[in-house]
Amino acid sequence: MQLKLLWDLQELDLAISAVKQQIEEVPALSGVEETAEQFEELQRDITEKESRLKNDRKALKNLEMRTQKIFDDRKELNENMYGGKVTSVKELEQMQRKMDLLAEEKKRIEDDILILMEAVEEQEHLLEEKEAELEKCRQELQKKETALAENLDRLDRDLSALEVKRAELAEKIETKYINKYNMLVEKHQGGQALARVEEDICGGCRVFISSAHRGHLYNPGAMVYCENCGRLLVKLDN
Ligand SMILES: [Zn+2]
């Protein structure tokens with residue numbers, strides 16, 4: 001019976017629509033995008049921390065070079081002061097003053113070096129933590145991407161199988177029924193062109209079918225439409 005086949009065609013079309021909708025929705029639901037964003041955020045954070053660490057290490061190296069320079073200058077001053085070459089009291093006083101200033105600077109720089117060394121150590125530790133976090137995030141992203149790809153593969157296979165079935169079924173249905181169906185599908189939201197008659201009620205709009213109208217349903221060749229929603233009515237035995 002053509003109407004039964006047409007009903008089966010609609011069932012297949014609805015199943016195809018559902019799978020297509022899933023294919024559209026599955027990427028957003030997979031969480032891949034969120035995890036990828038998290039991954040990028042971590043990468044940016046690490047890059048920033050690395051650059052700061054690099055700067056601090058450079059500053060530390062400069063301070064260490066400065067302390068070496070102070071050490072050398074003091075040594076030279078010391079040699080000049082006690083080498084017997086300089087005898088002017090005024091000059092010796094000036095040299096002593098310079099010596100004291102260098103000693104003060106040395107003390108300041110050594111304090112700065114300690115602070116900076118602690119900061120560098122802390123940053124190295126933080127960076128290690130962030131890198132471990134990044135690795136964990138990378139694994140999670142990979143897991144989610146794999147799951148999504150598998151899901152999409154499965155849905156694609158489901159869709160292909162349904163489309164093959166639909167093509168086979170459509171061949172068995174007369175063109176006039178197919179044309180009518182296509183026309184009605186356009187008109188009804190959700191692609192429900194056909195409605196089952198369930199206890200004298202239209203399964204599409206739930207409105208009662210008049211007895212006069214109902215009589216036509218027993219004529220296998222007739223196409224009977226719901227007076228309320230216009231759907232093609234199908235009376236199925238089961
Ligand atoms: Zn109806």
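Predicted model: local features only at pLDDT ≥ 70, side-chain atom pairs only at ≥ 80, totals over all residues.
Let me begin at the end of helix 2, which is followed by Gly84, a residue whose phi is positive, near 90°. Residues are numbered from 1 along each chain as its sequence is written, and side-chain values use heavy atoms, with hydrogens and water left out.

Helices here are DSSP runs of H or I with at least four residues, and strands are runs of E with at least two, numbered from the N terminus. Helix 2 has 51 residues and reaches 75 Å from its first C-alpha to its last, close to the 75 Å expected at 1.5 Å a residue, where the expected span is 1.5 Å times one less than the number of residues.

Glu33 lies in this helix, residues 32–82, and Glu33 counts as exposed because its relative accessibility is 57%, exposed meaning over 50% relative accessible area with a 1.4 Å probe and protein chains only.

Now to the loops. Most residues other than glycine have a negative phi. Glu199, although not a glycine, has a positive phi of about 50°, and is placed in the loop between strand 1 (194–198) and strand 2 (201–202); at 76% relative accessibility, Glu199 counts as exposed. Arg206, also not a glycine, has a positive phi of about 65° and lies in the loop between strand 2 and helix 5 (211–216), and with a relative accessible area of 52%, Arg206 is exposed.

Key:
Buried < 20%, exposed > 50% of the residue type's maximum accessible area, 1.4 Å probe, protein only.
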